[in-house]
Amino acid sequence: HQFLPLDVPIFTDKFLEHWKPNLSIFIDSEIWPNILFQTNKKKIPLLLINARITKKSFDRWRLVSSFAKNIFGKFDLCIASNKESENFLKILGAKNVKNYGNLKFSNTKKNINKLENDFIDKIKNRKIWCAASTHPSEEIFCAKTHLELKKIYRDILTIIIPRHINRANEIHNQLSNLNLKVVKYTNFTEFKDDTDVLLVDTYGEAVKFYNISKCVFIGKSLSESLKDVSGQNPIEPSRLGCKIFHGPNVSNFKDVYEYLSSLNAAKKVENPKELSQMIINELKADKTNNYEIVEKIENYGTNTLNNVIKEIKIYINN
């Protein structure tokens with residue numbers, strides 16, 4: 001592993017002269033003009049994998065269309081992550097564009113993150129749902145959903161994983177003002193049978209909670225102020241068999257949500273009452289359907305990965 005230098009000609013030229021790569025693979029939306037130009041000049045094959053061009057990025061590139069065609073025309077192969085990006089890449093001047101689907105659905109190893117046994121013992125008899133990557137105002141939305149759910153399930157536990165844990169104290173105060181009993185994950189020894197909300201105030205723990213949840217609300221999807229850059233990635237919980245719920249603003253991962261929606265694995269919600277009813281339906285539902293969805297997602301991810309590897313091998317073998 002070696003960090004790329006700043007995209008300044010003198011630095012990128014030294015980098016390439018020293019490392020002398022045989023092949024250059026860029027991922028997602030990493031476009032660095034100077035290193036691309038110099039790599040191409042040295043006749044090193046250039047690949048763009050899981051390419052993702054949003055409408056916003058596309059519109060920006062169109063403002064400098066001749067420059068864009070000069071850049072994207074340097075790639076020997078572009079593998080798009082969705083149909084929209086495939087079309088945008090062709091318009092922007094990419095010559096060899098293919099689309100096998102979103103590589104982020106592939107999963108090469110099973111995640112075995114587990115919660116502590118002490119904690120599992122405390123929640124084993126509770127009905128559970130989770131809200132992840134939440135942004136300001138969405139925690140209140142989830143709290144109101146919890147209050148609706150509590151009318152049916154007195155033992156309901158809502159787990160909230162904010163996108164930015166530095167907001168934990170602020171969220172704790174907001175939810176406590178709604179007369180909810182809130183416990184932070186770092187203080188889980190304070191967790192009791194009547195705790196309403198577990199507030200996860202640590203990073204990298206989300207998978208542990210997806211493993212015990214049937215329903216996950218994905219944040220950054222309700223706020224109008226974030227409309228142009230909305231949505232967080234729902235792939236991780238969907239791969240674990242969770243039903244995904246989200247607000248109307250998911251432009252960042254539009255194709256992912258469309259795919260999950262086609263499997264009946266993701267649904268849009270507008271208000272707490274609607275979300276609570278959907279969660280109730282899922283808590284009552286048979287899990288068999290969820291396992292079938294997981295299998296379809298795994299097959300999709302495996303096929304995508306295999307096709308991408310097959311394309312890369314052509315350049316490795318040459």
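This is a predicted model: local features need pLDDT of at least 70, side-chain atom pairs count only at pLDDT 80 or more; totals for chains, interfaces and linings use all residues.
1. The four-stranded sheet. An open sheet is built from 4 strands in the order β1-β2-β3-β4, and the pairing is parallel. At its edges stand β1 (24-27) and β4 (97-99); each has a single partner strand, so one side of each lacks a neighbour in the sheet. From one strand to the next the twist averages 20°.

2. Pairing of β3 with β4. These two strands run in the parallel sense and are joined over 3 bridges. Within this part of the sheet, Ala80 lies opposite Asn99 in β4. Helix α5 packs on the sheet, where α5 touches β2 (46-51), β3 and β4. The direction of α5 makes about 175° with that of β4.

3. Ser81. Which loop holds Ser81? Ser81 sits in the loop between β3 (77-80) and α5 (83-91). Ser81 is buried, because its relative accessible area is 2%, and buried means under 20%. Its side chain makes a polar contact with the side chain of Asn82, at 3.3 Å. Leaving aside residues up to four places away in sequence, Ser81 touches Asn50, Ala51, Arg52, Asn99, Gly101, Asn102 and Asp255. Asn99, one of these residues, is also the residue that Ala80 stands opposite in β4.

4. The seven-stranded sheet. A further open sheet has 7 strands, ordered β7-β8-β6-β5-β9-β10-β11, again with parallel pairing. Which strands form its edges? They are β7 (182-184) and β11 (266-268), each of which pairs on one side only. Here the twist averages 25° from one strand to the next.

5. Pairing of β7 with β8. The edge strand β7 pairs with β8 (residues 197-199) in the parallel sense, over 3 bridges. Val182 stands opposite Val197 in β8.

6. Helices α2 and α4. Two packed helices are described by the angle between their axes and the distance between the axes. For α2 (residues 33-41) and α4 (residues 65-72), the angle is about 50° and the axes are 10 Å apart. The two helices are therefore oblique to each other. On the α2 side, Pro33, Leu36 and Phe37 take part, and they meet Phe67, Asn70 and Ile71 in α4. What is the make-up of this contact in nonpolar, polar and charged residues? The residues divide into 5 nonpolar, 1 polar and no charged.

Terms used
Residues are numbered from 1 along each chain as its sequence is written. Side-chain values use heavy atoms; hydrogens and water are left out. Buried means under 20% relative accessible area, exposed over 50%, partly exposed in between (1.4 Å probe, protein chains only). A polar contact is a pair of N or O atoms within 3.5 Å; within protein, one must be able to donate a hydrogen and the other to accept it, and residues adjacent in sequence count only if both atoms are side-chain atoms. Contact means heavy atoms within 4.5 Å. Two strands pair if DSSP finds at least two bridges between them. Axes are lines fitted to C-alpha atoms, for helices over the stretch in contact, and angles run from 0 to 180 degrees between N-to-C directions. Angles under 35 degrees count as roughly parallel, over 145 as roughly antiparallel, 65 to 115 as roughly perpendicular and the rest as oblique. Ala, Val, Leu, Ile, Met, Phe, Trp, Tyr, Cys and Pro count as nonpolar, Asp, Glu, Lys and Arg as charged, and the others, Gly among them, as polar.
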